[in-house]
Amino acid sequence: MNERKTTDLEQGWAFMQRGITKLKNILEGLPEPQFSSEDYMMLYTTIYNMCTQKPPHDYSQQLYDKYREAFEEYITSTVLPSLREKHDEFMLRELVKRWSNHKVMVRWLSRFFHYLDRYFIARRSLPPLNEVGLTCYRDLVYQELNGKVRDAVISLIDQEREGEQIDRALLKNVLDIFVEIGMGQMNYYENDFEAAMLDDSGSYYKRKASNWILEDSCPDYMLKAEECLKREKDRVSHYLHFSSEPKLLEKVQSELLSAYATQLLEKEHSGCHALLRDDKVEDLSRMYRLFSKIPRGLDPVSNIFKQHVTAEGTALVKQAEDAASNKKADKRDVVGLQEQVFVRKVIELHDKYLAYVNNCFMNHTLFHKALKEAFEIFCNKGVAGSSSAELLATFCDNILKKGGSEKLSDEAIEETLEKVVKLLAYISDKDLFAEFYRKKLARRLLFDKSANDEHERSILTKLKQQCGGQFTSKMEGMVTDLTLAKENQSNFEEYLNSNTNVNPGLDLTVTVLTTGFWPSYKSFDLNLPLEMVRCVEVFKEFYATKTKHRKLTWIYSLGTCNINGKFDPKTMELIVTTYQASALLLFNSADRLSYQEIMTQLNLSDDDVVRLLHSLSCAKYKILIKEPNTKTISPNDSFEFNSKFTDKMRRIKIPLPPVDEKKKVIEDVDKDRRYAIDASIVRIMKSRKVLGYQQLVMECVEQLGRMFKPDVKAIKKRIEDLITRDYLERDKDNPNLFRYLA
């Protein structure tokens, strides 16, 4: 084999130098043919040969150095002078062109010298050719010019902020140099450009905001702020590096929003209060969007929201109070209508602001909390001596009973009931509501006043979900009782049909109820007229055939009778209560009776007799004539049957005004509360054995809070009571410490 001719350094480099000059000419745009593959192969082979000759002719190290010098020489002689003579945008364009050329040059030269990269550099752990090429540019061009470049770019950004058109593509290319020069690291971009750009943006918006806050209303200011944030976001997507977005937006938000948050929200005629007052839904949504971006920005917004809702609700309470007192001054004819309107308005208020929370405030928990707290404040105030619990129960009653003042479609009823149950969540005395509701439910069921069974069951389901099964168990029992009572009645009728010898003498319908479920009623032993005594006996016999262990207690105060009145003009059918019927039937055997005689024969209390006789002799239908003819009943009055009585109707209902049960309901609830507090204290002490007073009270309030807010004094009283009944004892040394006695 022939010996390969040795190429010495001078000769080989002279050949390489020609190739490098040709490359520079191409880059400078001089007329020069492109490299052919032969040219490329010749240049590559020259390097290959010079690196694979035997020592001392292996010129790898020298070529590595000369590779770097080729760049340094080109940059110093051509690139830097051309950049130094230009300024501002022209300098930026030149810089971008030079950087792009430089990358081309690195690409070609590193191909020519590729053999170095493969072996020499790998063995010596030196920086690869590509990196050497870029480092030259960084050390010579970038280090000298980055300050000027940064200022030029920032100045262009500010021009664009002021509405001028700029060359965004140019900026993108310039900023790419800051990123690429870091060769995978972002520190050049961040330290040499981004930090200054953020500072400048901060000052720019600080100047703007200080003017806007004085000139603009809150909605206008927010519009501008939102627009600025949108533009800055846009700016990032067009020419800044994506990593700048959060930093830039935070800077702008800090200057436009954080700095002026309080001033903005409290602006006299356009701040948050005004927006809520004037229902500016869009502006409120914008306020939420903007303030949710700044740390703790939503706290003051939700506080103002809470104040506003509280004020609106309190105004409704006051309005209802005023209306109620005016009505007292006139006359109490439209009973409870005002209260109906009040509850309706509260529901509308809740609908309105719940929609705000869901739509404007994107369902944020802070606003749900604010709404809840606001409603708890005014929903527990009560109107004209009626607690909210009672008002809600009456409202439901009006919707659910036949002939109530609310005429609604089935869907509307469902929807309204849903909303009432939501309101109940804000009321602290849920047990009071339950008791009033039960009383009214009982009247609806027993007097067949309920408009629709479905709705009755539906609200119970809703209440059960909201307040738990214990809350509705008695009410559900009542509804079920009625279904069973109907079955029972049809069995009774079958029994009468099959036993012809048993005859009650009149049509009898009996509703059998379970004592535990229903409100407690007074069961007086009314002296029934003989006609009725027979019926009762017959039913008792029938019931004894069904069950041996149940005792029937008759509650005559809830019964109704249809009786015929034979008056001179015509015979009429009277629909009356059992009490009224018993009183009227006395006149079959006597023409005239005194108050005392009626009272003795019926065996009723004074109050009941007065109510009863008033309804028959002083009210709309005067079935009895009273002497003396006054409007009130006194124990010395005497009564006789009014045979002249007539009315255009053949059938009339004679109302007996119900006893006002409010006081009794409240007493019942108080009694139940005492038991509940006792049970709660015993439960807590049983599990804890020893506990301090404060701790015990706190746990008790927490346990019972779902049904009512126990009064601390009441709890204290119950603790004392449990000590006397030997459930607990006081510690001998520390009177504030209690022990459980098993």
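Visitor: Let's start with helix α21. How far apart are its end C-alpha atoms?
Guide: They are 42 Å apart in this predicted model.

Visitor: And why does that agree with what a helix of 30 residues should span?
Guide: Because at 1.5 Å a residue, the 30 residues of α21, 469-498, should span 44 Å, and the 42 Å between the end C-alpha atoms agrees with that.

Visitor: Where does α21 bend?
Guide: At Met475, by about 25°.

Visitor: OK, switching to strands. What order do the strands have in the open sheet?
Guide: The order is β3-β5-β4, three strands with antiparallel pairing.

Visitor: Which ones are the edge strands?
Guide: β3 and β4, since each of them pairs on one side only. From one strand to the next, the twist averages 25°.

Visitor: How many bridges are there between β3 and β5?
Guide: Three, linking β3 (residues 592-594) with β5 (residues 638-641) in the antiparallel sense. Within that pairing, Arg592 has Glu640 as its bridge partner, and Ser594 sits opposite Ser638.

Visitor: And how many join β4 to β5?
Guide: Four bridges there, with β4 covering residues 624-627 and running antiparallel to β5. Glu640 turns up again here: Ile625 stands opposite that residue. That puts Glu640 across from Ile625 as well as being the partner of Arg592.

Visitor: Which helix lies across β4 and β5?
Guide: That's α25, residues 606-617. The helix runs at about 110° to β4.

Visitor: New topic: holes. How many cavities of 30 Å³ or more does the structure hold?
Guide: Two. The largest cavity has about 90 Å³ of space.

Visitor: Which helices each supply at least two residues of the lining of the largest cavity?
Guide: α15 (337-360), α16 (365-379) and α17 (388-400) do.

Key. Residues numbered from 1 in each chain as written. Predicted model: local features only at pLDDT ≥ 70, side-chain atom pairs only at ≥ 80, totals over all residues. Heavy atoms only, no water. Pairing = 2+ DSSP bridges. Expected span 1.5 Å × (residues − 1). Bend = angle between axes of the 7 residues up to and from the residue. Axes fitted to C-alpha atoms, helices over the stretch in contact; angles between N-to-C directions. Contact = heavy atoms within 4.5 Å. 1 Å grid on protein atoms, 1.4 Å probe; cavity = no way out; pocket = protein on both sides within 12 Å on 5 of 7 lines; lining within 4 Å. Points joined across faces, edges and corners; volume = space filled by probe spheres on them.
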